[in-house]
Structure formats: structure tokens, C-alpha cells
Amino acid sequence: MAGSHRPTLAVWKFASCDGCQLSLLDCEDELLMLADRLEIAQFLEATSARVEGPYDISIVEGSITTAHDAERIREVRASSRVLITIGACATAGGIQALRNFGDVEDFTAIVYASPEYISTLASSTPISAHVPVDFELNGCPINKAQLLEVIAAHLAGRRPHVRAHSVCVECKRRGTVCVTVAHGTPCLGPVTHAGCGAICPAYNRGCYGCYGPMEAPNTSSLSARMSELGSGEADIVRIYRTFTADAGPFRQASERAAAGERAAGEGAGERGT
Ligand code: SF4
Ligand code: SF4
């Protein structure tokens with residue numbers, strides 16, 4: 001137990017916006033209960049106090065975008081008994097993984113006045129691409145109740161109850177009228193991991209997949225339905241390429257749509273239209 005009668009918890013940040021760590025801070029009352037059961041050994045967003053590792057549980061937010069961070073995550077893994085990644089950045093590369101579809105030097109040249117000072121990797125990758133991960137919690141940001149469940153489960157030595165079904169199931173549970181069926185609105189709910197409580201359809205808009213792919217998503221069928229409802233290939237590429245653009249099934253679905261868009265463009269070119 002890392003030199004303490006309570007298990008130690010460390011929270012680490014990599015390339016991210018801090019929103020998932022804020023979800024942990026937002027636990028407020030539950031955080032006090034957690035502090036009773038765990039020693040918070042490292043959590044810079046909450047306190048500058050630090051306890052040296054090794055740690056019983058490490059929670060990691062953010063993706064790997066620099067050579068230094070690729071090195072740092074190996075050190076974090078080596079000093080952690082259990083490593084849990086939280087949020088779209090840590091589990092799928094995040095919105096910054098949009099660079100994986102282009103040339104990162106094109107982006108740095110546009111964004112920075114002196115891009116020669118920028119030292120960054122060509123891609124943004126999830127933590128699991130670098131080290132073994134014990135549990136991945138989806139979301140952008142994560143759901144704090146799910147995070148508490150994951151921590152409690154690891155403390156109790158049991159599997160966390162985090163269902164991998166779709167956002168559609170959550171719509172049905174809260175009695176939301178389906179925006180696709182009722183209005184023909186494109187919605188990634190059928191292929192997106194549950195956890196948010198189906199917030200967007202409850203406000204009459206489609207889901208854009210911020211919780212990432214569910215288990216075994218049928219993206220081909222959903223893309224075909226979006227086409228039937230009037231979405232062009234470019235629209236379909238865009239809907240899959242948001243917060244979890246590089247998550248396997250979403251990347252493949254967007255690449256299929258992009259290939260369709262290119263083929264249509266070449267066909268139009270050959271016909272001279
Ligand atoms: S609104 Fe979207 S998430 Fe909800 S049931 Fe319809 S397709 Fe599924
Ligand atoms: S985009 Fe989808 S997964 Fe994200 S909050 Fe909205 S409904 Fe939930």
C-alpha cells in the first residue's frame with residue numbers, strides 16, 4: 001500500500017483541456033468521502049502537495065503529443081499498480097487527433113508565429129498506444145458518477161459497472177423522442193458509447209459521438225441511413241471527425257465516406273461536370 005494504510009491515488013495530465021479532472025473536482029461531497037478511503041498523493045489541479053510513488057491507482061487525462069510525454073507516461077505506468085485513463089483525449093487521442101488526418105506542420109505553420117519553436121509529434125495517440133491500461137472511461141468530459149464507480153470498483157477488487165451499450169438506449173430510458181426518426185436529424189447515438197445520459201437528443205439535436213464508439217458499432221448501416229436522409233459524404237466525414245475522430249470504428253467510417261467523396265469527385269471530373 002505505498003507506505004500508507006490507505007491506498008494512494010495519483011491524477012496525471014497529458015495533452016488535454018483539464019475538463020475530465022474538473023469532473024473529478026466537481027464530485028465535491030463524494031470527493032471528501034473518497035479522501036477518507038484514499039490518500040490523494042498527486043493531483044496538481046487540486047493541490048500542490050505531492051507524495052512520492054509508487055501509487056495504487058493512477059488516473060490519466062490527456063493524449064500523447066510530444067516525445068517528452070511518451071517518455072513520461074512510461075514512468076507513470078511503472079509507478080502505478082492500476083492505471084485508469086479518462087476521457088476522449090486519453091482513450092482515443094481527443095480532438096487534437098484531427099492532426100492525424102493531415103500534416104501537423106501545416107497546422108503549426110498556420111497557428112504559430114514561429115512554428116520552428118514547436119516540438120510536437122506528428123500524431124496524437126491514446127495512452128493505450130504506449131502502455132498497458134487497466135480501464136478506459138469514455139466521455140468528453142467523463143461522467144463523474146461513472147468515474148466514482150470505476151474507482152470504487154478498483155478499491156473493492158471487482159469489475160466496474162459501466163455499460164458499453166449505445167446512447168440510443170439512454171434515449172429510450174429517459175423517454176426522449178428519437179431525433180432521427182421524428183425529424184431526420186443525423187445522430188451518432190446508435191454507434192456511440194452510453195454514459196452522458198443522452199443529453200443532446202434531449203435538447204432536440206443529434207449526438208456527435210463525444211463518448212466514442214460503443215462496443216461493436218454498426219457504422220456502415222448508420223452511414224447508409226444518414227445518406228438516405230440527405231447527408232452528403234462530406235457531412236458524414238465531418239460528423240465522425242469530432243472529439244473521438246481517431247477511435248478505430250469512427251476513423252474507418254470517416255475514411256469510407258472520404259473515399260466515397262473522392263470517387264464521386266473523380267467520376268464528376270471524368271464526365272466533365
Ligand atoms: S435521438 Fe439519436 S441517440 Fe436518441 S434514439 Fe434517436 S438515434 Fe438514438
Ligand atoms: S455528443 Fe452524444 S455522447 Fe456527447 S453529450 Fe451529446 S449525446 Fe452524449
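Predicted model: local features only at pLDDT ≥ 70, side-chain atom pairs only at ≥ 80, totals over all residues.
The structure holds 12 salt bridges, among them the pair formed by Asp-134 and Arg-77, whose side chains meet at 3.1 Å, N to O. This pair links distant parts of the chain, since Asp-134 lies in the loop between helix 5 (104-111) and strand 6 (135-137), whereas Arg-77 belongs to helix 3 (residues 67-78), 57 residues apart. Asp-134 is partly exposed, with a relative accessible area of 41%, while Arg-77, with a relative accessible area of 16%, is buried.

Asp-246 is buried at a relative accessible area of 18%, and Arg-251 counts as partly exposed at 21%. In the salt bridge between Arg-50 and Glu-52, the closest N and O atoms are 4.0 Å apart; here Arg-50 is partly exposed, at 46% relative accessibility, and Glu-52 is exposed, with a relative accessible area of 60%.

Ligand 2 is surrounded by Thr-192, Cys-196, Ile-199, Cys-200, Pro-201, Cys-207, Tyr-208, Gly-209, Cys-210 and Tyr-211, a shell that divides into eight nonpolar residues, two polar residues and no charged residues.

Ser-223 is located in helix 10 (residues 219-228) and counts as buried because its relative accessibility of 13% is under 20%. When its neighbours within four places in sequence are left aside, Ser-223 is in contact with Ile-236 and Tyr-240.

Note on methods:
Residues numbered from 1 in each chain as written. Chains lettered and ligands numbered in written order. Heavy atoms only, no water. Helix = DSSP H or I, 4+ residues; strand = E, 2+ residues; numbered from the N terminus. Buried < 20%, exposed > 50% of the residue type's maximum accessible area, 1.4 Å probe, protein only. Contact = heavy atoms within 4.5 Å. Near = heavy atom within 4 Å. Nonpolar A, V, L, I, M, F, W, Y, C, P; charged D, E, K, R; others polar.
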